[in-house]
Amino acid sequence: MNKELLKKFSAELLYKYTFVPIKENNNHIEILIEDEDNLIAIDEIENITGKRVKPIKEDKRKILDILRKAEVAADILKTTGEKFGFENIKQEYKEDIVAETISDDDPTIVKLVNSIIFTAVQKLASDIHLETRENRVIIKYRVDGILVEAMAPLGRKFSENIISRIKIMSDLDISEKRVPQDGRFRLNIKNKLIDFRVSIMPSIYGEDAVIRILDREMITKSVSDLKLDVLGFNKELIKKIRKYIYYPYGMVLITGPTGSGKTTTLYAILNEIKSAEDKIITIEDPVEYQIDGITQINVNEKTGLTFSRGLRSILRHDPDKIMVGEIRDPETAEIAIQAALTGHLVFTTVHANNAFDVIGRFLHMKVDPYSFVSSVNCIISQRLLRTLCENCKVEADYTDEFLDHIMIPKEFRKGAFHEPTGCSECNLTGFHGRSAIGEILEFSDSIRDMILEKKPPSEIKKQALREGLVPMRIKGLKKIQEGQTTFKELNKVTFAEENGKKG
């Protein structure tokens, strides 16, 4: 990538015609371009450079990937945001604001918000966070599960206008600043429809916003090839998961905190088991991935379409397999269990820290213990680990004292450890993508008996370990030995117990 050559063209022009200059001499300039027959683009580039253009056809995704790695979109945001910088002085917070003074009548705010969104999409961010502080506004992107500042802080006085612009785009009430609001909007970015979910929340200095980015086209294309093999699970765990997802009936539960990849695992499972012979129906909030051949239902609380009501309706449509996005309440739990007991294969998620906490969650919801243990085939617990960038990772040595401090068993202290450095390939983060680690609690007869006898989770865990459960922390330590991630990343998602096993 010739960055000096790239700087000769504005970011707007590069994205407008989707091209990248790669080589030039005294008379010619070579470019990679999506449409090599675009005479308007070629004429404009020739007028700018004064040289003949030699177009080379290239895939649009590859060109956009090159522009993303070159931080071209970030230049747009930096240029746009410079005029909105903050001064380190206390500013008064205005309680009143009228639509006539903001957003559509203020093209600078419109351009700033559009630049923030555009750059986030190009950086493959999953969320945009707007945080209002005492004297400034901070914009952050969540990339690979980690928040990073998108630009220099903005002046606090621009917070209300930016939030109001987002509210107008989401069809929310701009005059209401005292209660949280949720909305959504859709934008056409580079001939691609992208959905955005918005959450506005009042804080002591104003209002904060989080925008979730749902790039359905990108997700749907990647989901078509999504299988358990590509998630990062080891072969032994995949083999066990496949054993249970091909059962004729019962329930497969996936658990983990928010952002641990539960939904992606569910869709990898559905991709593996779907066939023309089975009717598969899902109910989700919202439908994030679209899969051909599967009936998908979107929860809509405003119209009364809840998980429980939708699930009751699904059962009247004679499904073979059902996916419930999340079990949140006793009614949904009861219906899902009854579906699993009456010949359906049910896949669902539950928010819990580990597989053993799920048992307590269901029993706390007053679910009949006998029905619960009879319906559940297994519980999968998982986390996501950031993967080291292969282009810039470096070997690292650790002292025994340090490894003792973070409770690393002696059998995992062999091999070459690695640390991140950062390069243009990984946006200077040192990491590129994420992979999953997990563990599976299989409901053997002994585990079922212990649940019915109301044994404490610690005893159930010991029995599961005796029966072959491999803790996910052990899976993570193996990834560290293989040079895929770091101790710091593993300690963000798992913890070590005093005995050196797993937490």
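User: Buried means under 20% relative accessible area, exposed means over 50%, and partly exposed is in between, with a 1.4 Å probe and protein chains only. Which residues of α7 are buried?

Analyst: The buried residues in α7 are S159, E160, N161, I162, I163, S164, R165, I166, K167 and M169. That is 10 of the 11 residues of this helix, which spans residues 159–169, so the rest of the structure largely encloses it. Helices (H or I, at least four residues) and strands (E, at least two) are DSSP runs, numbered from the N terminus.

User: Before we go on, what sort of model is this?

Analyst: It is a predicted model, in which local features need pLDDT of at least 70 and side-chain atom pairs count only at pLDDT 80 or more, while totals for chains, interfaces and linings use all residues. Residues are numbered from 1 along each chain as its sequence is written, and side-chain values use heavy atoms, with hydrogens and water left out.

User: How many helices and strands are there, and how much of the protein is buried?

Analyst: The protein has 19 helices and 19 strands. Of its 503 residues, 51% count as buried.

User: Which residues touch the most other members of the largest nonpolar core?

Analyst: They are F19, I128, I139, I162, I166 and F196, in a core of 53 residues. Helix α6 (residues 107–122) contributes the most to this core, with 8 residues. A nonpolar core is a set of buried Ala, Val, Leu, Ile, Met, Phe, Trp, Tyr and Cys residues joined through side-chain atoms within 4.5 Å. In soluble globular proteins, nonpolar side chains tend to be buried together.

User: And what does F196 touch?

Analyst: Leaving aside residues up to four places away in sequence, F196 touches I117, V121, G183, R184, F185, L187, I189, I211, R212 and I213.

User: Switching to aromatics: how many pairs does the structure hold?

Analyst: It holds 9 aromatic pairs. Rings of Phe, Tyr and Trp (its six-membered ring) pair if their centres lie within 6.5 Å; planes under 30 degrees apart count as stacked, over 60 as edge-to-face and the rest as tilted. The rings of F372 and F443 have centres 6.0 Å apart and planes at 80°, so this pair is edge-to-face. The pair links distant parts of the chain, 71 residues apart: F372 is in helix α14 (residues 369–375) and F443 is in the loop between β19 (431–442) and α16 (445–452).

User: Are those two buried or exposed?

Analyst: F372 is buried, with a relative accessible area of 0%. F443 is buried as well, at 5%.

User: What about Y398 and F487?

Analyst: Their ring centres are 5.3 Å apart with planes at 75°, so that pair is edge-to-face. Y398 lies in the loop between β17 (394–396) and α15 (400–405), and F487 lies in helix α19 (residues 487–493), so the pair ties together parts 89 residues apart in sequence. F487 counts as buried, at 3% relative accessibility. Ring pairs also link Y398, F402, F417 and F487 into a cluster.

User: Where does R386 lie?

Analyst: R386 lies over the face of F431, 4.0 Å from the ring centre. A charge sits over a ring if NZ of Lys or CZ of Arg is within 6 Å of the ring centre and within 35 degrees of the ring normal.

User: At what angle do α16 and α17 pack?

Analyst: α16 and helix α17 (residues 457–466) pack at about 175°, with axes 10 Å apart. That makes α16 roughly antiparallel to α17. Axes are lines fitted to C-alpha atoms, for helices over the stretch in contact, and angles run from 0 to 180 degrees between N-to-C directions. Angles under 35 degrees count as roughly parallel, over 145 as roughly antiparallel, 65 to 115 as roughly perpendicular and the rest as oblique. In this packing, S446, I447, M450 and I451 of α16 meet E459, I460, Q463 and A464 of α17.

User: Last topic: what is the phi of T18?

Analyst: T18 has a positive phi of about 50°, although it is not a glycine. Most residues other than glycine have a negative phi. T18 is in the loop between α2 (11–17) and β1 (19–24) and counts as buried at 3% relative accessibility. D318 also has a positive phi, near 55°, but it counts as exposed at 61% relative accessibility.

How values were computed: Contact = heavy atoms within 4.5 Å.
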